[in-house]
Amino acid sequence: MIFPTQEELKRLREMYPKGTRVVLLEMDDPQAPPIGTKGTVRYVDDAAGIGVNWDNGSSLSAIYGVDRIKKLE
C-alpha cells in the first residue's frame, strides 16, 4: 500500500471537507453501493480513505486513487 504525502492529504481534506456531498462513479468492492449513489463525506483518514455515509445506508469508504467519486456542487 502506498501512503499519501502530507501535501496530498491536505489537498484531499480541502477538497472533501466533512459535509461535502458526493456521488459514486466507480468502486472496486463487491459490497459497494450502486453506481450513482449519493452520500455525505464524514472524514478523510491518514491513508486517503474518504469516509462517506451513503444515502442507501452504507458507510463504505472510498479509496482515493482506486475508487471514483465526484463532488456535487
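Predicted model: local features only at pLDDT ≥ 70, side-chain atom pairs only at ≥ 80, totals over all residues.
**Ile 50.** Setting aside neighbours within four places in sequence, I found Ile 50 in contact with Leu 12, Tyr 16, Val 41, Tyr 43, Val 44, Ser 61, Ala 62 and Ile 69.

**The core.** Next I looked up the largest nonpolar core, which has 14 residues. Ile 50 is among those with the most contacts inside this core, along with Tyr 16, Val 22, Trp 54 and Ile 69. Helix H1 (6-15) and strands E1, E2 and E3 each supply at least two of the core residues. I noted that E3 gives the most, with three residues.

**The strands.** Then I followed the pairing. E1 (residues 21-26) and E2 (residues 38-44) run antiparallel and are joined by three bridges. E2 also pairs with E3 (residues 49-54), again in the antiparallel sense, over five bridges. I used Thr 40 of E2 as my landmark: Arg 21 stands opposite Thr 40, and Asn 53 is the bridge partner of Thr 40 in E3. Four residues lie between the strands in the hairpin of E2 and E3, where I saw that Ala 48 takes a positive phi near 70°.

**Thr 37.** My last stop was the loop between E1 and E2, where Thr 37 is found. Is Thr 37 buried or exposed? I put Thr 37 down as buried because its relative accessible area is 11%, and buried means under 20%. A polar atom of the Thr 37 side chain lies 2.6 Å from the backbone oxygen of Pro 34. Leaving aside neighbours within four places in sequence, I listed Val 22, Val 23, Leu 24, Trp 54, Asp 55 and Asn 56 as contacts of Thr 37.

Technical notes:
Residues numbered from 1 in each chain as written. Heavy atoms only, no water. Pairing = 2+ DSSP bridges. Buried < 20%, exposed > 50% of the residue type's maximum accessible area, 1.4 Å probe, protein only. Polar contact = N/O pair within 3.5 Å; in protein donor to acceptor, adjacent residues only side chain to side chain. Contact = heavy atoms within 4.5 Å. Core = buried A, V, L, I, M, F, W, Y, C linked by side-chain atoms within 4.5 Å.
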